[in-house]
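Open the model in your viewer and keep the selection panel at hand. This tour goes stop by stop, saying what to select and what you will find there.

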Amino acid sequence: MRERRAARESRRAREFEAFVAGAGARLLHTATLLTGEPSGDTEAAERLLTTALARTYARWDRLRGEDPYDRTRRELADLFAHRARRYRRPRGGALDRLTPQERLVLVLRLYEGIAEEQTAAALGLPAERVRAICTRAVTLMRSTAPRRTAPGRPPVTGRPAGAAP
């Protein structure tokens with residue numbers, strides 16, 4: 001009996017380690033986008049991901065055909081949504097201009113490619129609200145991003161020539 005349990009635990013640990021080895025980098029990038037941290041400073045994202053992975057591991061034997069990546073991504077989104085107040089201050093990341101809710105919707109919809117209806121169901125929002133949040137976030141990102149110019153020329157920031165920074 002103990003040997004079977006030990007063998008099952010060993011198999012479970014190997015499967016989970018293989019999953020993390022394959023999906024860990026993408027999940028960390030997702031967590032980094034959610035927390036709004038710059039790429040080099042991912043402490044909060046790592047904590048968020050570690051908690052999500054721990055929850056996934058706790059349910060590993062009960063996944064029964066469910067994709068562990070989807071499960072972990074849902075855990076990340078749930079944890080982030082419940083801890084959003086921690087991620088309100090700008091941290092220097094690409095999406096730090098957005099509110100936590102805008103970041104969550106934008107990451108799920110555009111980075112992870114989750115359908116609008118599925119995102120709405122996961123967040124407990126109407127699909128129209130998810131669409132509005134996503135549109136607002138994209139508009140904000142476009143309006144504050146530097147415009148690209150020809151190679152070798154600096155990006156245009158939207159200020160008129162000669163205007164003070």
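**Stop 1: the largest pocket**

Select Asp70, Arg73, Arg74, Ala77, Leu108, Ile114, Gln118, Thr119 and Ala122; these residues line the largest pocket. Keep in mind that this is a predicted model. The space inside the largest pocket comes to about 170 Å³.

Which helices each supply at least two residues of this lining? Colour helix H3 (68–82) and helix H5 (116–123) to see them. H3 gives the largest share, with four residues.

**Stop 2**

**Stop 3: helix H4**

Now select residues 100–111, which make up helix H4. Its buried residues are Pro100, Glu102, Arg103, Leu104, Val105, Leu106, Val107 and Leu108.

What covers the buried residues of H4? The cover includes helix H1 (2–35), H3, H5 and helix H6 (127–144). Show these helices together with H4. Then step past the end of H4 to Gly113, where phi is positive, near 70 degrees.

**Stop 4: from H4 to H6**

Select Glu102 and Arg136. They form a salt bridge with the closest N and O atoms 2.6 Å apart. This pair links distant parts of the chain, since Arg136 is in helix H6 and Glu102 in helix H4, 34 residues apart.

Glu102 is buried, because its relative accessible area is 6%, under the 20% cut-off. Arg136 is partly exposed, with a relative accessible area of 38%.

**Stop 5: Thr30**

Go to helix H1 and pick Thr30. Thr30 counts as buried, at 2% relative accessibility. Which residues does Thr30 touch, not counting those up to four places away in sequence? Show Tyr69, Leu76, Val107, Tyr111 and Glu112.

**Stop 6: along H1**

Stay on helix H1 and select Glu9 and Arg12. Their side chains meet in a salt bridge, 3.6 Å from N to O. Both lie in H1, three residues apart, about one turn of the helix. In an α-helix there are 3.6 residues a turn, so residues three or four places apart point the same way. Glu9 counts as partly exposed, at 36% relative accessibility. Arg12 counts as buried, at 10%.

**Stop 7: a network of charges**

How many salt bridges does the model hold? The count comes to 13. Select Arg55, Glu66, Arg71, Arg74 and Glu75 to see a network in which salt bridges link these residues.

**Stop 8: the aromatic rings**

Finish with the rings. The whole structure has five aromatic pairs. Select Phe16 and Trp60: their ring centres are 5.3 Å apart and their planes stand at 90 degrees, so the pair is edge-to-face. Here too, distant parts of the chain are linked: Phe16 is in helix H1, while Trp60 is in the loop between helix H2 (43–58) and H3, 44 residues apart. Phe16 counts as buried, at 13% relative accessibility. Trp60 counts as buried as well, at 11%.

Move on to Phe80 and Tyr87. This aromatic pair is stacked, with 5.1 Å centre to centre and 20 degrees between the planes. Phe80 is buried, at 0% relative accessibility, and Tyr87 is buried at 4%.

Terms used: Residues numbered from 1 in each chain as written. Predicted model: local features only at pLDDT ≥ 70, side-chain atom pairs only at ≥ 80, totals over all residues. Heavy atoms only, no water. 1 Å grid on protein atoms, 1.4 Å probe; cavity = no way out; pocket = protein on both sides within 12 Å on 5 of 7 lines; lining within 4 Å. Points joined across faces, edges and corners; volume = space filled by probe spheres on them. Buried < 20%, exposed > 50% of the residue type's maximum accessible area, 1.4 Å probe, protein only. Contact = heavy atoms within 4.5 Å. Salt bridge = Lys/Arg side-chain N within 4 Å of Asp/Glu carboxyl O. Phe/Tyr/Trp six-rings, centres within 6.5 Å; stacked < 30°, edge-to-face > 60°.
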